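Hello,

Here is the structure I promised to pass on to you. Have a look at it first, and then read on for my notes.

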Amino acid sequence: MARWEKETDGDLNDVMGTIPLWGWALALVRGIFVASILLSGVVLTVILRLPEKLLFGAGRPVTPGITTLVCRAILVVIGLRFIFRGAVMKQGGAVVANHASWLDILVLNARKRIFFVSKSEVSAWPGIGFLARLTGTVFISRNARDAAVQTKTFNDRLSQGHRLLFFPEGTSTDGLRVLPFKSTLFQAFFAQELREKMAIQPVTVLYNAPAGKPDDFYGWWGDMDLGPHLLKVLSTPSRGTATVICHTPLHVRDFSGRKELAMACDKAVSSPFNQ
C-alpha cells in the first residue's frame, strides 16, 4: 500500500496552487454554508441531548436524526450526489464498510442512523473529538485488557437498537479498492452475550469522481492532509457521486470464528469493485 500512497500524495499537496480565482470563491461560499449547517446541527443537538438523555437514557431516538439531516445538507452543498441501494437492516447490530475518505462519515450518516466505532485517540482530537462524542461515537482501546469492558459497551448499545459502524480495513484507501479486512474487532461479536443475537450488515461505498477529475479524486489516505483535500472538494464545481450499497446482513451464529466472518464481510463489501 505504501507505493501508491507516495505516488499520489505529492499531487494533493500542490492543490492550492492549481485552484483558479473562481474556485477559491466557490470554496469560500460552500465553506460558509457547511460551517453554518454544522454549527446549527451542533447547537440543536446540544439543546436536545439533555432532555433526550433524561427521557430515554442511551437510546437516542431524536438526535441521530439531526446528524442525518446535517450530513445530507452538507453533501448537497459540496456537490456530492448521494445514491442509496438495498435495505437497512431493521435490528440493532454492526455495520462494516470500506473506508476511502473523511467523506464516508457524511455519506454513511446520510441514510442510516448509525454510530461509528473509533479508536480511543480520536476522542482527544480538537473539534473532531467533540463532534464524535456529541454524536454518540463508541471509542475502543487496542489494549486487550479492555476487551471485557468493550464487549459490555457493545452489548449495552445493541440493546438500545443501535447500529455500530466499523471500518475493518483499519485505514482509508484511494476509494478504488478494498483492503483485506482485519479480523480482530470481529472477535468481540463472538462473546456469549452477543453471538446469538448479533447481525452484521456489510456496506459498500463507491465514489465516482466529477467529470474530468481522476478516479481517486475523493480518496483521502496515507499522508494526505485534511485541509488541502477539503479545499479541493469545495472548489470543484462539477458534481461527483457517492453510492452506498447495503448487502444482506450476516448472523454471527452462522460462523465458526472471527476470521471466517471477516472474510465473508470482506467478500460482500468487495463484490461491487469486482464487477
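Let me start with charges over rings. R111 lies over the face of F84, at 4.6 Å from the ring centre. There is a second case of this kind: K232 lies over the face of F217, at 4.7 Å from the ring centre. Please keep in mind while you look around that this is a predicted model.

Next, the aromatic pairs. A pair of aromatic rings is described by the distance of the centres and the angle of the planes. The count comes to 8 aromatic pairs. Take F154 and F189: their ring centres are 6.4 Å apart and their planes stand at 50°, so this pair is tilted. F154 belongs to helix α6 (residues 147-159), while F189 sits in the loop between β5 (163-166) and α7 (192-195), so the pair ties together parts that are 35 residues apart in sequence. Are these two rings buried or exposed? F154 has a relative accessible area of 2% and is therefore buried, and F189 is buried with a relative accessible area of 2%.

The tyrosines Y207 and Y218 make another pair, with ring centres 5.7 Å apart and planes at 40°, so this pair is tilted. Y207 is in strand β6 (residues 199-208) and Y218 in the loop between β6 and α8 (226-234), so to speak two distant parts of the chain, 11 residues apart, linked by the pair. Y207 is buried at 8% relative accessibility, and Y218 is buried with a relative accessible area of 4%.

Back to the phenylalanines for a moment: F154 and F189 also belong to a cluster, in which ring pairs link them with F166 and F186.

Now the salt bridges. How many does the structure hold? There are 3 salt bridges, and I can go through them one by one.

- R49 and E52 meet through their side chains, at 2.9 Å from N to O. These two residues are 3 apart in helix α2, and therefore separated by about one helical turn. R49 is buried, and E52 is buried too.
- K152 forms a salt bridge with D156, and their closest N and O atoms are 2.9 Å apart. Both are in helix α6, 4 residues apart, so about one helical turn separates them. D156 counts as partly exposed, at 34% relative accessibility.
- D174 and R177 meet in a salt bridge with an N to O distance of 2.5 Å. D174 is buried, with a relative accessible area of 5%, whereas R177 is partly exposed, with a relative accessible area of 31%.

Helix α2 has another residue to look at. L48 is found in this helix, which covers residues 21-56, and L48 counts as partly exposed because its relative accessibility is 29%. Which residues does L48 touch, not counting those up to four places away in sequence? The contacts are V62, T63 and I66. For a sense of distance, the C-alpha atoms of L48 and A191 are separated by 34 Å, and the two residues are 143 apart along the chain.

R60 lies in the loop between α2 and α3 (63-78). Its phi is near 50°, a positive value in a residue other than glycine. R60 is buried, with a relative accessible area of 13%.

Leaving out residues up to four places away in sequence, T243 touches I83, R85, T204, V205 and L206.

Finally, the surface. Which residues form a nonpolar patch there? They are W125, I128, L226 and L230, and together they have about 330 Å² of accessible area. Of this group, W125 is found in the loop between β3 (115-119) and α5 (128-134). W125 counts as partly exposed, because its relative accessibility is 40%.

That is what I have for now. Enjoy looking through the model!

Best wishes

Note on methods: Residues numbered from 1 in each chain as written. Predicted model: local features only at pLDDT ≥ 70, side-chain atom pairs only at ≥ 80, totals over all residues. Heavy atoms only, no water. Patch = residues over 30% accessible without salt bridge, like charges linked within 9 Å, V, L, I, M, F, W, Y side chains within 5 Å. Areas by Shrake-Rupley, 256 points an atom, 1.4 Å probe, with all protein chains shown as cover. Salt bridge = Lys/Arg side-chain N within 4 Å of Asp/Glu carboxyl O. Buried < 20%, exposed > 50% of the residue type's maximum accessible area, 1.4 Å probe, protein only. Phe/Tyr/Trp six-rings, centres within 6.5 Å; stacked < 30°, edge-to-face > 60°. Lys NZ or Arg CZ within 6 Å of the ring centre and 35° of its normal. Contact = heavy atoms within 4.5 Å.
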